[in-house]
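Have the sequence and the structure open, and we'll go chain by chain before looking at where things touch.

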Amino acid sequence: MRKQFKDTTLDLATQDERVVVILGDISHFLFMPFQEKYPTRVYNMGICENALISVAAGLSSQGFHPFVHTINPFLTERCVEQIKLDLCYNQFGANIVTTGASFDYAWDGATHHCYTELAILRLLPGMEVTQPGNRGELDTLIRSQYNNGKPTYYRLSDHGHPLDFPIEFGKANLLKDVGADVTVMTAGPILANVVDACEGLPVNLVYFNTIKPIDREAIERFRRTRILVVQDAHGLHEAISSVPDLSVSCHGLPDQFCAWYGTVHDIRKKIGLDPAGIHAAVLSRIS
Amino acid sequence: MTPACREIRRNILEASNLSGHGHIPTSFSIVEMLCAVFDTMRHDPTNPEWAERDIFILSKGHAALGYYATLAQYGYLPVKELATFGAFESRLGCHADRLKVPGVEVSTGSLGHGIAVAVGMALAFKISNECRRVFTIVGDGESNEGTVWESVMVAVNLKLDNLTILFDANDSQTRSLQILNPGDRFRAFGCETIEVDGHDMEALMNALSVPGSGVKAVIAQTVKGHGCRTLSNNVFEWHRKSPKSDELPTLIKELEEA
């Protein structure tokens with residue numbers, strides 16, 4: 001998805017001279033061709049994430065469309081106050097683009113894992129929060145939202161799902177509606193595991209690319225079913241649960257640091273978010 | 001003290017008395033700086049959104065009452081509106097909101113934010129080849145925040161010669177983390193640094209008159225509560241205290257005699 005991020009922003013930059021990219025010393029080489037073509041539009045400003053968000057606010061105040069990019073926990077959890085005040089409260093738009101998702105840097109341990117930011121950012125007034133599932137979704141979401149004057153968050157992953165279907169910002173996809181009593185709702189790259197897990201099971205399946213604004217219409221459609229949220233981060237469960245009087249449960253993260261290493265697949269398996277673990281969780285809701 | 005600076009301070013005292021709000025000593029320490037900035041920068045109170053204006057950001061946002069009194073002095077607000085300071089439906093909160101107050105470019109209050117936004121604005125003007133300057137007042141207490149120094153490093157690295165940082169060295173942190181020798185620190189970070197008496201209008205005007213060859217840091221040595229010895233002799237007691245009606249005449253008298 002990172003390469004797509006570069007390709008999309010570079011393409012936008014050819015059409016829109018207000019596109020500016022700020023890097024926190026990540027993806028430096030990836031953006032070199034961009035920088036060579038537009039030397040005043042890409043800045044590797046260094047490892048100072050809090051300042052980067054505020055600088056983006058300043059650029060936005062003068063009509064630019066900044067993209068700020070570095071590793072997930074450092075740009076989101078570390079910078080909540082800058083995002084809250086300098087972007088949301090001041091009503092300065094910016095595009096916050098992280099890499100690493102929840103466990104892409106599994107081997108680096110809990111300091112590089114990040115699973116709260118979708119839930120935190122969705123609480124900030126004026127904020128848009130997306131979790132693109134693959135390169136195509138990222139491209140669609142950025143082109144749709146990058147210059148709308150709002151702060152928008154895009155959570156990139158190196159492990160996008162392989163499914164291909166059209167998406168729209170703020171709209172869920174009803175991937176399977178079989179009139180079942182149980183509806184699985186999920187978001188982002190883990191859709192691949194969810195689809196595998198649900199194969200042959202009598203469940204409806206709804207997919208979200210956007211956590212805020214949440215597609216309430218899609219949720220309401222399945223109000224009379226038991227909803228099971230499957231996500232490898234916090235955020236979707238909280239967003240869906242904001243709709244009153246639903247029957248919602250969640251198969252997600254434990255209340256502990258996932259202090260293991262290895263790969264994202266190792267951690268997902270350990271916490272039951274591999275296809276087998278999700279399958280078992282869905283089965284338990286059906287029976 | 002110039003008549004304008006004295007009038008601003010009087011309006012601060014009276015507004016604080018009427019409203020029961022305000023950080024008076026820290027507002028008093030920057031009055032000359034505010035006037036020097038507003039006398040230097042290109043701005044138009046009849047058109048606060050003027051596209052060619054320079055930018056001022058009060059990074060030490062808790063001195064908002066001093067900022068409002070200055071905006072009133074320069075025609076952005078009616079002076080009588082200062083009395084609404086901090087009231088429920090007032091435009092004038094105890095920290096300024098850019099969406100409510102004409103002339104306010106960035107809503108500040110949490111320390112260490114305004115200077116970083118100022119860096120982004122200065123960069124924006126460089127990218128778009130606009131000859132517009134950005135001024136920001138940063139507090140010495142505020143400079144306990146790491147983002148102040150992150151911002152200075154970024155600005156210097158980007159060679160933002162259209163950015164002027166006014167550092168209010170009012171010794172606010174003598175009881176905790178004091179920023180000693182601030183001029184040395186800003187020089188070490190690569191700023192073009194000038195040290196002045198922060199209550200000397202002529203010195204401030206000279207320091208601000210032309211952009212630097214790089215990021216300019218004006219280290220302004222100031223006194224919290226400058227102009228009222230009751231305040232300057234008791235800065236911690238008066239940090240966030242408003243004068244009662246029976247205290248106001250003494251403060252006004254001290255101000256008139258300063």
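**A walk through chains B and A**

Of the 258 residues of chain B, 51% count as buried. Here a residue is buried if 20 or more other C-beta atoms lie within 10 Å of its own, exposed if 12 or fewer, and partly exposed in between, with the C-beta atoms placed from the backbone. Before going on, keep in mind that this is a predicted model, in which local features need pLDDT of at least 70 and side-chain atom pairs count only at pLDDT 80 or more, while totals for chains, interfaces and linings use all residues. As for labels, residues are numbered from 1 along each chain as its sequence is written, and chains are lettered from A and ligands numbered from 1 in the order in which they are written.

Staying with chain B, you'll find ten helices and five strands. Those are DSSP runs numbered from the N terminus, with helices being H or I over at least four residues and strands being E over at least two. The radius of gyration of chain B is 17 Å, close to the 18 Å that the globule rule gives for 258 residues, so chain B is as compact as a globular protein of that length. That radius is taken over C-alpha atoms, and the rule is 2.2 Å times the number of residues to the power 0.38. Along its principal axes, the C-alpha trace of chain B spans about 55 × 40 × 30 Å. Look at the contacts in chain B with a separation of 6 or more, and 74% of them come from residues 24 or more positions apart. A contact here means that the C-beta atoms of two residues, placed from the backbone, lie within 7 Å.

Now over to chain A, which has twelve helices and twelve strands. Its radius of gyration is 19 Å, close to the 19 Å that the globule rule gives for 287 residues, so chain A is as compact as a globular protein of that length. The C-alpha trace of chain A spans about 60 × 40 × 30 Å along its principal axes. Buried residues make up 54% of the 287 residues in chain A. In chain A, residues 24 or more positions apart account for 71% of the contacts with a separation of 6 or more.

Where they meet, 25 residues of domain 1 of chain A are in contact with 24 residues of domain 2 of chain A. On the domain 1 side, α6 (117–121), β5 (128–130) and α7 (135–145) of chain A each supply at least two residues, and β5(A) gives the most, with three residues. By class, that side of domain 1 has twelve nonpolar, eight polar and five charged residues. For these classes, Ala, Val, Leu, Ile, Met, Phe, Trp, Tyr, Cys and Pro count as nonpolar, Asp, Glu, Lys and Arg as charged, and the others, Gly among them, as polar.

Helix α1 (residues 2–15) of chain A and α7(A) pack at an angle of about 35 degrees, with their axes 9 Å apart. The axes are lines fitted to C-alpha atoms, for helices over the stretch in contact, and angles run from 0 to 180 degrees between N-to-C directions. A:Q4, A:F5 and A:T8 of α1(A) make the contact with A:R135, A:L138, A:D139, A:I142 and A:R143 of α7(A). By class, this contact has three nonpolar, two polar and three charged residues.

Next, some backbone details in the loops. Which residues have a positive phi without being glycine? A:D25 does, at about 60 degrees, and so does A:S27, near 60 degrees. A:D25 sits in the loop between β1 (19–23) and α2 (32–37) of chain A, and A:S27 is found in the loop between β1 and α2 of chain A. With 14 C-beta neighbours inside 10 Å, A:D25 counts as partly exposed, whereas A:S27, with 23, counts as buried. Elsewhere, the peptide bond from A:K212 to A:P213 is cis, with omega near 0 degrees, and A:P213 lies in the loop between β10 (210–212) and α9 (216–221) of chain A.

Finally, the two chains meet: 21 residues of chain B are in contact with 23 residues of chain A. On the chain B side, α5 (114–127) and α6 (146–157) of chain B each supply at least two residues, and α5(B) gives the most, with ten residues. By class, that side of chain B has 13 nonpolar, six polar and two charged residues.
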